[in-house]
Amino acid sequence: MSEAAGSELDAVYGGLPAGTHPTIHALLPVMTTAGRDSRAYADWKLNVVIDGLLRHRRPS
């Protein structure tokens, strides 16, 4: 994941309201880059989001 894409994810996380996304809001400090520039960390963040979405799919 590029640095720009990682920054975009950070902006999305930061824009989520705490009332409807309390877990993401609580974990925001560890989910944003906060000085971490590694590609592995950015990839991990994306995988967390994708895994979460896949686990919470609506039944067909």
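The secondary structure of the protein comprises 3 helices and 0 strands, where helices (H or I, at least four residues) and strands (E, at least two) are DSSP runs numbered from the N terminus. Along the sequence these elements follow the pattern α-α-α. The model is predicted, so that local features require a pLDDT of at least 70 and side-chain atom pairs count only at pLDDT 80 or more, whereas totals for chains, interfaces and linings use all residues. Residues are numbered from 1 along each chain as its sequence is written, and side-chain values use heavy atoms, with hydrogens and water left out.

The protein exposes about 4600 Å², of which carbon and sulfur atoms supply 60%; accessible areas come from the Shrake-Rupley method with a 1.4 Å probe, and for residues only the protein chains shown count as cover. Of the 60 residues, 18% count as buried. Here buried denotes under 20% relative accessible area, exposed over 50%, and partly exposed the range in between (1.4 Å probe, protein chains only).

Helix α3 spans residues 39-55. Its 17 residues reach 24 Å from the first C-alpha to the last, close to the 24 Å expected at 1.5 Å a residue, the expected span being 1.5 Å times one less than the number of residues. The buried residues of α3 are Tyr-41, Ala-42 and Lys-45. Seen down the helix axis, these buried residues fall within an arc of 110° and therefore line one face of α3; the arc is that of the directions from the helix axis to the C-beta atoms. An α-helix has 3.6 residues a turn, so residues three or four places apart point the same way. The face of α3 turned away from the buried side carries the exposed residues Arg-39, Ala-40 and Arg-55.

Lys-45 of α3 is buried, with a relative accessible area of 1%. Its C-alpha atom is separated by 8.4 Å from that of Gly-6, 39 residues away along the chain. Val-49, also placed in α3, counts as partly exposed because its relative accessibility is 26%. Val-49 and Leu-9 are 40 residues apart in sequence and 9.7 Å apart in space, C-alpha to C-alpha.

A nonpolar surface patch is formed by Leu-46, Ile-50 and Leu-54, with about 240 Å² of accessible area together. Patches are made of residues with over 30% relative accessible area and no salt bridge, like charges being joined within 9 Å and nonpolar side chains (Val, Leu, Ile, Met, Phe, Trp, Tyr) within 5 Å; a salt bridge is a side-chain nitrogen of Lys or Arg within 4 Å of a carboxyl oxygen of Asp or Glu. Leu-54, located in α3, is partly exposed at 48% relative accessibility.
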